[in-house]
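Student: I have a model open and want to go through a few spots in it. Can we start with one side chain and move on from there?

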Amino acid sequence: MPTLTEQREQIFECFRRWGYLEADLDPLGLLRLPAVQELEGDTEEHQAARGFYCGTVGVEFAHILDSKRRQWIQERMESAAAAPDRARILERLTSAELFEQFIQARYPGAKRFSLEGSTAVIPFLDQVLETAARFGGEHALVGMSHRGRLNVILHTAGRQAAEIFAGFEDVDPRSVLGAGDVKYHRGATGEFRARNGRELRIHLVSNPSHLEFVDPVVMGRAYAKQARAGRDGKNKVWPVVLHGDGAFSGQGVLAETLNLGGLRAYSVGGTIHVIVNNLIAFTTEPKDLQPTPFASDVARRVPIPIFHVNGEDVDAVVRVAQMAAEYRAAFGSDVVVDLVGYRRHGHSEIDDPTITQPVLYRHIKEHPQLWKIYAQRAGLDAEPVAKRVRESLGAEQKEAVKFAKIPSMRKLPGYWAPYFGGRYKAECEVSTPVRGEELRAVGELLTRTPAGFHVHPKVKKLLDQRLEMSRGERPVDYGMAEAMAFATLLRQGIPLRFSGQDSRRGTFNQRHAALVDTETEEQFVALEHIGENGAWCEIQNSPLSEAAVLGFEYGVSRDYPEALVVWEAQFGDFANGAQVFIDQFIAAAEDKWGLLSGLVMLLPHGYEGQGPEHSSARIERFLHLAARDNFQICQPSDAAQYFHLLRRQALRKWRKPLVLFTPKSMLRHPDASSPIEAFTRAHFRPVLRDAEVRDAKRILLCTGKIGHELKAERKRRGDTSTAILFLDQMYPFPEQDLTDALAQHPAAHEVVWVQEEPANMGAQFFVLPRLERLATGRAVRSVKRSASATPATGSAKAHEMEQETLLALAFTTGKQ
Ligand SMILES: Cc1ncc(C[n+]2csc(CCOP(=O)(O)OP(=O)(O)O)c2C)c(N)n1
């Protein structure tokens, strides 16, 4: 027979595990929760446990393996909550709700994505920030989509209502013709003043329409700010992300982001995730959004607590906010809060919800507003507050029309001051060669291992070769060129952050940034020990994610412009798993939001008979996105070109993303290696001229590996009249360099663009019209694979045949 204490424990354990399923979480009674047999019973113990776990707060924490964390939550849940400052909460709720109603009345038909039905979010955020301030918080990075964003800009980021109203007035549209973004996507910065007197700087992150994709960007930005803040960074910088319930359960990038949260290389000491759960997504109801009642279920796969709270019990909401923030502070862990409310209007204000949910919306129409419910429950008079709020909003609107332009509502941090964007100009250029002694010195540093370290024999051989390369005793290959670029930059005080799948070794066994002791499996990263002036270095193996990891590194680049931030795809073909980040952030952020990034994307590319998904990084897609010098698209054709490109990227103050197609089989190929002089003297050249053929009759223009194959074919044929030029920078298009390179061969009657990609892919569509313009008086042709629905064949033999045909066609003169 179990003792009484044991019986009590058993009952409590059931409620700790399942109690949330009987909790009173839903203001409108829409959630359909299963009955749980284990919770049946009406003893004193049942009642006590029910009081803790089945009120307006429910919690899921049985899936957390660490008993200390479970114990922490249990103690909080099983003790009484402190009384909140109800007058203050009423003030905030009233202000939040009347702000929405004011816009509704003054700008009828304008989209604002009202927060009404879930306005408890505002006191929730207040409490999170108050708690953060208690733990030394100085910055909060806030990510969110459309719902309630304007309300958060006003109440949390502390902007003026007049600035927001100016957006509705849409003053000065000419200034943003073809660019800019809608008001509920733009970022904002401001101050939140906590009651302990501390000010938190709020950074509401610019957000595309694509739901949830901002999540890893918030984390990356927080990571960078924490790195900047130093030892106590995680307490100083707090990431907070608000989600819609439909998006939370539906968008895979959220699951990828939650995974990052628990990984050492990506940890930000915990993100507070809030689901603004209005139990509807546009017109779709929960039963069609996820197979379980709770949108939050996707978060249960990671060991983090999930609090559910009834959004109409605002005192409980505030209590949960405090628990969530304190849990983050105690364990450096993510927390999910599922704030259950409803949506008072349609998806936007121009949408009529009575078409799809007529009964529900009849019911909602009758449902009282939260500020009134709260005042009544708290025994407070809301009218004086409401009067004040209305008067103040009216005055702000009068201010709004005075703005000559829509205000930016954002101030960039000082560390962006030295950097600039805009169009390319000659002043962007920098010097990238490095003296021979310095290369020899970094060669020593890069090939040294700690005393007693057991190096794998194959790696030892490579290190010996690298030492020789640095001394000019053998040509330098890509792997060493990259290591020398990183090392020389680190010694110039430039930090390095690099992540990608298997990047520490390198997918093609080419990098060996991390050496592994053959006896102990301990790792040694030489690059981590050579930075000067505090330049840190991180080279990380990423989880098997493209989207969230690229988003994260993009975020890091946004708050560490001084660092070289690199993301590497395993093969460039997989980068399209992160396409939204490329389209919505990397290509577009400067145009939409005036925000810059120097992120480097390394995309292994080249046709080597490895099938449709290991051949193409889709050069064409990047070129399609290229406009107004929004980024740089390059394919270095030898090791020195790669070295100079990386150094140029870090040293320039012109901050533009760099899309860099990298080789695979060519990584160690002698033709793509470079003599040491190419590192000590030369610069990156957008167009590589032909040093072997003068006064050619024909010119082949290409980019990447095919150029080396063309050269080998030319040699085989004993051809001395065909020049081969490499276009190492495709965008911004190096018009002058190409004109000059073509002019070297006045007798050439035709210029042939040669690419490995099929006719509907590759750079052809982009290069040919430009070439037509530049190659005055000469015939312009192209050689490519036939148009195809996939980038490459699955047969290695078919690949060989195709490649031979390409080479043969390239050396066949066209009709004149
Ligand atoms: C990736 C993506 N797919 C589709 C949409 C179109 N869309 C905009 S809002 C919305 C519904 C969002 O519902 P939910 O996440 O529950 O947030 P709510 O609007 O209810 O606050 C949809 C489908 C989008 N913005 N992003």
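Student: What does the side chain of E130 do with the backbone nitrogen of R195?
Tutor: A polar atom of the E130 side chain lies 3.0 Å from the backbone nitrogen of R195. A polar contact is a pair of N or O atoms within 3.5 Å; within protein, one must be able to donate a hydrogen and the other to accept it, and residues adjacent in sequence count only if both atoms are side-chain atoms. This is a predicted model, where local features need pLDDT of at least 70, side-chain atom pairs count only at pLDDT 80 or more, and totals for chains, interfaces and linings use all residues. Residues are numbered from 1 along each chain as its sequence is written, and side-chain values use heavy atoms, with hydrogens and water left out.

Student: Is E130 buried or exposed?
Tutor: E130 is buried, with a relative accessible area of 13%. Buried means under 20% relative accessible area, exposed over 50%, and partly exposed in between, with a 1.4 Å probe and protein chains only.

Student: Where is E130 found, and what is it in contact with?
Tutor: E130 is found in helix 5, residues 121-134. Helices (H or I, at least four residues) and strands (E, at least two) are DSSP runs, numbered from the N terminus. Leaving aside neighbours within four places in sequence, E130 is in contact (heavy atoms within 4.5 Å) with F192, R193, A194, R195 and N196.

Student: New topic. How many residues surround the ligand?
Tutor: 15 residues surround the ligand, and the closest are H146, R147, S209, D245 and G246.

Student: Which atom of the ligand is 2.8 Å from the side chain of H146?
Tutor: An oxygen atom of the ligand is 2.8 Å from an N or O atom in that side chain. A nitrogen atom of the ligand is 2.8 Å from a polar backbone atom of S209.

Student: Last one, helix 28. Which of its residues are buried?
Tutor: In helix 28, H799, Q803, L806, L807 and A810 are buried. Seen down the helix axis, these fall within an arc of 95 degrees, taken from the directions from the axis to the C-beta atoms, so they line one face of helix 28.

Student: And which are exposed on the other side?
Tutor: K797, M801 and E804 are exposed there.

Key:
A residue is near a molecule or strand if one of its heavy atoms lies within 4 Å of it.
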